[in-house]
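Subject: Structure for your review

Dear colleague,

My notes on what was found in it follow directly after it.

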Amino acid sequence: MAENKPLKHVTSRKSLARLIRLLPQGAVIISMQDRILGANNAFAELVGCPRKSLIGRCFTENFIFLDPGLWDSVLQGLEHAARTHVFEARQMRKDGCVTRLNFSFGRLEAKGEQLLFAIVHDQSKIVRIGVESEFVPADRSAPPVLPKSGPSVTSEPILKDLTADELRSVIESSALQEMMNEFYHVTHIGIGIIDLAGNILVATGWQDICAKFHRVHPESRAHCLESDIYLSANVQEGQYTLYKCKNQMWDQATPIIVGGVHIANLFLGQFFFDDETLDERSFILQADRYGFDRKEYLQALRMIPRWSRQTVTHVMGFYTRLAHLIATLGLHRLLAARSLQAKDLAEQDLKFKNALLTSQQEASIDGILVVSAEGKILSYNRRFVEMWQIPPHIIASRSDEAAIGSVLDKLEDRECFLSVVNHLYTHPEQRQRDELALVDGRIFERYSAPVEDMEGSHFGRIWFFRDITSEKLAEVSLIRLNQELEQLVQERTAELRNAKEQAECAAKAKGDFLATMSHEIRTPMNVVLGMSDVLLETDLGSEQRHLVETMSRSGRALMGIVNDILDFSRIESGRLTLSQDPFSPGKIVEETARLMRMVAEEKGLILSEQVVPDLPATILGDEGRVRQVLINLLGNAIKFTQRGLVSVQLAQHPQQAATLLFSVTDTGIGVAPEHRQHIFEHFTQADVGIARRYGGTGLGLAISKKLVDLMGGQIGVTSESGQGSTFFFTLPFHVVVADKPSETAAEQPVDVITRSLRILLAEDSTDTQLLFQIYLKKMPHHLVIVNDGLEAVARVREETFDLVLMDIQMPNMDGYAATRAIRQWEQQRGGQAMTIIALSAHAGLEKQDESLAAGCDRHLTKPIKKQILLEVIQQVSQQS
């Protein structure tokens, strides 16, 4: 089999033309007979002509050079090979604009032919002839203005990617240092060139007052640094900046800008103007302030030069032009070096790409075949021969037709294969991707694309073949697997949907059950607790009073259990919402302690409270839930303490800002270490013996923890078994400014007005009817009782009432429907709306919101204490 030949490195006009199109700078190839052989788009943009129109035209006739003899200079300078010459010229474009161009010319050889190669840079802005002159006259008193032959700092930088080595090569530090040393010996005018990193490149005439004094002390050194920063930041190209530093001496600087890049500054300083009055006393004070030796400091001060303003202007004019000269020479040196480097890199890159293409072709998993426009095989790789099993003699013939003929017997559809090949050969600009089925069961993917240059000229076609048999088999397996997975996902989704629906039904059933149980328990408990309160108001014997108090206490304990279960259920289901209202945290502690003190004293315990001064008077939060947590903690402390004391404290958290710390400490039985981590879990108590001895559901602390978590705080306990416990919780807060009560309103006493009301009670429970009759027995009000909502609506339409007590859950028509019907009737009549108060055995804020939405003015939850009912009726009686 014939060897596969790598791509050859060919140096020709065409290959050079392709090469220069890759360069970012303007580039042009010229014959020794003054003809343009190749150019890139960057050069076409510089000269203002389309690139294709430049090829073949006379170079010198195509441009009007304002500098005479340029072309002769180029030819004379390039007589010796391997030399590069840089020329700067001005060129007039056809649109009347003048550009300043920098040409870096070199001579090269392509297949025995001598050619000129040039890299071109734009050296200035385009200016209209007659609009801008080359030089701007400079005023003696103003900073010098440089000729516009170099790049401006305000224009787009020519050199955007200067390396550190290139920057070091711009300024000939050693040569400049020797030159400026000689200049200083003659003129006694110093100079400093410092790069932007603070490195001193050139320095002559460095003064003792700066080196030995000002740059030594921290404060005066800060003044020097401030001066350096100001001069570096405010200096403009072609000008200089004058600044008097806080050390009382003048500094001046002008920039060195190479190709639009600011690389260093040229400094003059420090000095005095000869028309200034030198006040040595201020410098003596300055020496004393910084701890300088007066004598040495004044001696250094007297060595500072004093120049006239005209002298400074001339000196800075010289230095400004020197900076421009340094920049211009450095730029030309850099451009020339880059041109040579670009040429070398381009040649190296071409060699590398040839080798890389060959390596890539052989390393490819695809079979690759490259043919010419005439159908001759130009290149192929080993994989192509292996895939198609092409005999060596066909490879040696390099015939595309012979290669096609050798693969036809291996294909299932020969006609389709040939039709695609013929179509692509008649349409060389098109691309094609398809799949080929082989008789041995293999499947190849075929891709074909034209081989063309950047101008769109076609040179042949490249074919890629990839064996995708395994991928196709995997694709079939994947499709089958996806179908199975989709079926499985559908089945699991249906199962999850059913489980979700069952869970939602269970949650709803649980909620409905708890609500029903709450209603069914609260309704009789309303009568039990109400009757107990009424009995306690009568004259009872000591034994009878004890029995009634026991019954009342047991009933309220039962209500506490019901409330705990409902609260826990709402928290678990996410239906518990917290209010954000102003309240006093200190007042809550005091009121809760006062409420629980009676319970503690019945056990012979001392209950104390402590509120640290200077706490916020009013904060935002849910007062009821904070009170509930405190009552739970105090209730537990009293329950598990047989003797001693219980205390509640409120203070600012010592480590967390805007956070309150509530603590309840007791001298009770304590909590064993093994039980502390579980004590805040629901339905959990320390042990079974404690549960039997002290009672309770084990929900109090669990509810407290969840409430504290909802309020953004943390709850915890420190305890030792038998040594008492301290339960604490934190509460983040936002302070609010409470409105001050009106002094006028505070001074005027509120008259208690009691008038007889006509009250309608809609209640289906005869026991509750009896209880309300007893509550109002000694009051001057007239009570009318109906058994359901229908009767309530009918009675309201027949008689006039001041107040309606509307039970929510009644037969025939519930309280909400009855309230809406009454409100609609009132609206139709246009009369004054009566007060309707909802009575509900369902606890929860959602029921209260539902009552208000139905049209009720207020919502009371059963069991309803007599005192609360009478206060509500009293408020209605006081309304005008």
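This is a predicted model: local features need pLDDT of at least 70, side-chain atom pairs count only at pLDDT 80 or more; totals for chains, interfaces and linings use all residues.

Two strands are taken to pair if DSSP finds at least two bridges between them.

In general, the strands of a sheet pair through backbone hydrogen bonds, either parallel or antiparallel.

One pairing can be described in detail. Strand E23 (residues 659-666) and strand E25 (residues 725-732) run antiparallel and are joined by 8 bridges. Among the residues concerned is Leu661, whose bridge partner in E25 is Thr730.

A pair of helices and a buried histidine

Helix H10 (residues 280-290) packs against helix H11 (residues 294-302) at an angle of about 135°, and their axes are 10 Å apart. The crossing in which H10 passes H11 is right-handed. On the side of H10 the contact is made by Glu280, Phe283, Ile284, Gln286, Ala287 and Asp288, and on the side of H11 by Arg294, Tyr297, Leu298, Leu301 and Arg302. These contact residues divide into 6 nonpolar, 1 polar and 4 charged.

Which residues are in contact with His214, once its neighbours within four places in sequence are left aside? They are Ile209, Ser220, Arg221, Cys224, Asn247, Met249, Gln270, Gln286, Phe292 and Tyr297. Gln286 and Tyr297 also take part in the contact of H10 with H11. His214 itself is found in helix H8 (residues 208-214), and at 0% relative accessibility it counts as buried.

Val527 lies in helix H17 (residues 469-536). Is Val527 buried or exposed? Its relative accessible area is 12%, and under 20% counts as buried, so Val527 is buried. With neighbours within four places in sequence left aside, Val527 is in contact with Asp767, Thr768 and Leu771. Of these, Leu771 is 244 residues away from Val527 in sequence, yet the two are 6.3 Å apart in space, C-alpha to C-alpha.

Pro863 lies in the loop between strand E30 (858-861) and helix H29 (866-878), and with a relative accessible area of 23% it is partly exposed.

Points of backbone geometry

Most residues other than glycine have a negative phi, and most peptide bonds are trans. The peptide bond from Lys862 to Pro863 is cis, with omega near 0°. Gln248 is not a glycine, but has a positive phi of about 80°; this residue lies in the loop between strand E10 (241-244) and strand E11 (250-258) and is partly exposed, with a relative accessible area of 25%. Gln389, likewise not a glycine, has a positive phi of about 55°. The loop that holds Gln389 is the one between helix H13 (382-388) and helix H14 (392-397), and Gln389 is exposed, with a relative accessible area of 52%.

The protein as a whole

The protein contains 29 helices and 30 strands. Of its 880 residues, 42% count as buried. Among the contacts with a separation of 6 or more, 61% are between residues 24 or more positions apart.

With kind regards

Notes: Residues are numbered from 1 along each chain as its sequence is written. Side-chain values use heavy atoms; hydrogens and water are left out. Axes are lines fitted to C-alpha atoms, for helices over the stretch in contact, and angles run from 0 to 180 degrees between N-to-C directions. Helices (H or I, at least four residues) and strands (E, at least two) are DSSP runs, numbered from the N terminus. A crossing is left-handed if the near helix is turned anticlockwise from the far one by less than a right angle, and right-handed if clockwise. Contact means heavy atoms within 4.5 Å. Ala, Val, Leu, Ile, Met, Phe, Trp, Tyr, Cys and Pro count as nonpolar, Asp, Glu, Lys and Arg as charged, and the others, Gly among them, as polar. Buried means under 20% relative accessible area, exposed over 50%, partly exposed in between (1.4 Å probe, protein chains only).
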